[in-house]
Amino acid sequence: MINISFTLNGEKRSASVPPETTLLKMLRESLNLTGAKLGCDVGDCGACTVIVDGKAVNSCLMLACQVQGREVLTIEGLATPDHLHPIQEAFENSAALQCGFCGPGVILSAKALLDANPNPDVAEIRDALAGNLCRCTGYTKMISAVQTAACTLNGKPSEHSA
Ligand code: FES
Ligand code: FES
């Protein structure tokens, strides 16, 4: 077993896991954070997306030991007890998700984008969400929701609400 200490959703956490454990498995099975989903387990679907040091990553492709000393954000760290994050709010208001399985990954990909680029154009939003597969929606409302969230985060009125 190896001991891994890192910052998870703003708090210092640690876990003891076998060395071959993926970040996704550690989050879900050792730390009981099941927001990141196990879809394909080979890096194709993006359902397991989390943010590590500001970058969206597929947690099924990353070893848990790779986050030693780093900062990890999962979907559980986005909302406060009283408020959804503006991206979550925009997805809810735009009805941008159906079954929701892809949602945590899509929303975290959108967050990594908006943190790095507060005013993305549609091509940049498409590019940021390209690794997140959704079997239910046509992506149009997701893109519109990211545009709405960008306006909210920039303190501008939104023209993109569905
Ligand atoms: S479960 Fe990680 S990319 Fe599909
Ligand atoms: S809303 Fe069902 S997979 Fe995206």
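What covers the buried residues of α2?

1. A word on the basis. This is a predicted model, in which local features need pLDDT of at least 70 and side-chain atom pairs count only at pLDDT 80 or more, while totals for chains, interfaces and linings use all residues. Residues are numbered from 1 along each chain as its sequence is written, chains are lettered from A and ligands numbered from 1 in the order in which they are written, and side-chain values use heavy atoms, with hydrogens and water left out. Helices (H or I, at least four residues) and strands (E, at least two) are DSSP runs numbered from the N terminus.

2. Two strands pair here if DSSP finds at least two bridges between them. Axes, for this and later angles, are lines fitted to C-alpha atoms, for helices over the stretch in contact, and angles run from 0 to 180 degrees between N-to-C directions. β1 and β5 run parallel and are joined by 2 bridges, with Leu8 having Val72 in β5 as its bridge partner.

3. Please take a look at β3 (residues 49-52). Both of its faces are covered: Thr49 and Ile51 are buried on one side, Val50 and Val52 on the other. Buried means under 20% relative accessible area, exposed over 50%, and partly exposed in between (1.4 Å probe, protein chains only). β3 runs antiparallel to β4 (residues 55-58), to which 4 bridges join it, and also antiparallel to β5 (residues 71-73), with 2 bridges. Ile51 stands opposite Ala56 in β4 and opposite Leu73 in β5.

4. Next comes α1 (residues 23-30), where Leu23, Leu24, Met26 and Leu27 are buried. These residues pack against β1 (2-8), β2 (11-17) and β3, contact meaning heavy atoms within 4.5 Å. Asn32, which follows α1, has a positive phi near 60°.

5. Now to the opening question. The cover over the buried residues of α2 includes α3 (103-116) and α5 (140-153). In α2 (residues 86-93), the buried residues are Ile87, Gln88, Ala90 and Phe91. They cover an arc of only 160° around the axis, which puts them on the same side of α2; the arc is that of the directions from the helix axis to the C-beta atoms. Glu92 and Asn93, on the other side, are exposed. Just after α2, Ala95 takes a positive phi of about 50°.

6. The pair α3 and α5 deserves a point of its own. Their axes come within 11 Å and cross at roughly 45°, so the two helices are oblique to each other. For reference, angles under 35 degrees count as roughly parallel, over 145 as roughly antiparallel, 65 to 115 as roughly perpendicular and the rest as oblique. The contact is made by Val106, Ala110, Leu113 and Leu114 of α3 with Met142, Val146, Ala149, Ala150 and Leu153 of α5.

7. How do α4 and α5 compare in their geometry, and which residues meet? The axes of α4 (residues 122-129) and α5 come within 10 Å and cross at roughly 115°, and the helices are therefore roughly perpendicular to each other. Val122, Ile125, Arg126 and Leu129 in α4 meet Met142, Ile143, Val146 and Gln147 in α5.

8. Pro157 is exposed, with a relative accessible area of 69%. Its C-alpha atom is separated by 22 Å from that of Tyr139, 18 residues apart along the chain.
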